[in-house]
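Look at the chain below and follow it piece by piece.

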Amino acid sequence: QIIRNNSSFLRRQRGIQKAFSTEPLNLKSINSPSYNGLINNKAVGVTLAEDNKSVVVAVKKNGKRNLPAKSIVKTTIKNGGARAIIKSVQGLVKGKNARFAKLAARRASQLLRSVQRASKKAKKTA
């Protein structure tokens, strides 16, 4: 209830009714209780690793709710190509929170595709 209208992660845009959220464990980036990483016990987040070739999956632990820094377990997935990474992200998240498995796979796919596009643009300009 408290963070519904007031949060440092909240982003609003003109002409769009829904508010967006930039929190790390929010897969859809929508300000909604079902996707909020601060509220949910089984929150999941997918980000790119520093090498831009692998994906980091962050999952919230059940027992460490009062210790926010220790409540998140991060796993880096590097094996194979993009399809293999997406498949293993989906399998990892399915074991923790089956409802977010397809969302996490979609997010990983978006991130890997964005890196591929950026590298193609760099090659064209060079």
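S29 has a relative accessibility of 24%, so it counts as partly exposed, since partly exposed covers the range between under 20% for buried and over 50% for exposed. The model is a predicted one. S29 sits in the loop that links β2 (20-21) to β3. Its phi is near 60°, which is a positive value in a residue other than glycine. Most residues other than glycine have a negative phi.

N52 belongs to the loop between β3 and β4. N52 is not a glycine, yet it has a positive phi of about 60°. With a relative accessibility of 39%, N52 counts as partly exposed.

The strands come next. Strands of a sheet pair through backbone hydrogen bonds, either parallel or antiparallel. Here three strands form an open sheet in the order β3-β4-β5, and the pairing is antiparallel. β3 and β5 (72-77) stand at the edges with a single partner strand each, so one side of each has no neighbour in the sheet. On average, neighbouring strands of this sheet are turned by 20° against each other, direction ignored. Between β3 and β4, which run antiparallel, there are five bridges. G45 has A58 in β4 as its bridge partner.

Two helices can now be placed against these strands. α1 lies across β3, β4 and β5 and runs at about 5° to β4. α2 packs on the sheet as well, where it touches β3 and β4, and its direction makes about 10° with that of β3.

How many residues does helix α2 have, and how far does it reach? Helix α2 (residues 101-125) has 25 residues and reaches 37 Å from its first C-alpha to its last, close to the 36 Å expected at 1.5 Å a residue. The buried residues of α2 are A101, L103, A104, A105, A108, S109, L111 and L112. An α-helix has 3.6 residues a turn, so residues three or four places apart point the same way. The cover over the buried residues of α2 includes β3 (44-48), β4 (55-60) and α1.

Q90 lies in helix α1 (residues 82-96). Leaving aside residues up to four places away in sequence, Q90 touches A101, K102 and A105. Is Q90 buried or partly exposed? At 23% relative accessibility, Q90 counts as partly exposed. From Q90 to A19 there are 71 residues in sequence and 27 Å in space, C-alpha to C-alpha.

Key: Residues are numbered from 1 along each chain as its sequence is written. This is a predicted model: local features need pLDDT of at least 70, side-chain atom pairs count only at pLDDT 80 or more; totals for chains, interfaces and linings use all residues. Side-chain values use heavy atoms; hydrogens and water are left out. Helices (H or I, at least four residues) and strands (E, at least two) are DSSP runs, numbered from the N terminus. Buried means under 20% relative accessible area, exposed over 50%, partly exposed in between (1.4 Å probe, protein chains only). Contact means heavy atoms within 4.5 Å. The expected span of a helix is 1.5 Å times one less than its number of residues. Two strands pair if DSSP finds at least two bridges between them. Axes are lines fitted to C-alpha atoms, for helices over the stretch in contact, and angles run from 0 to 180 degrees between N-to-C directions.
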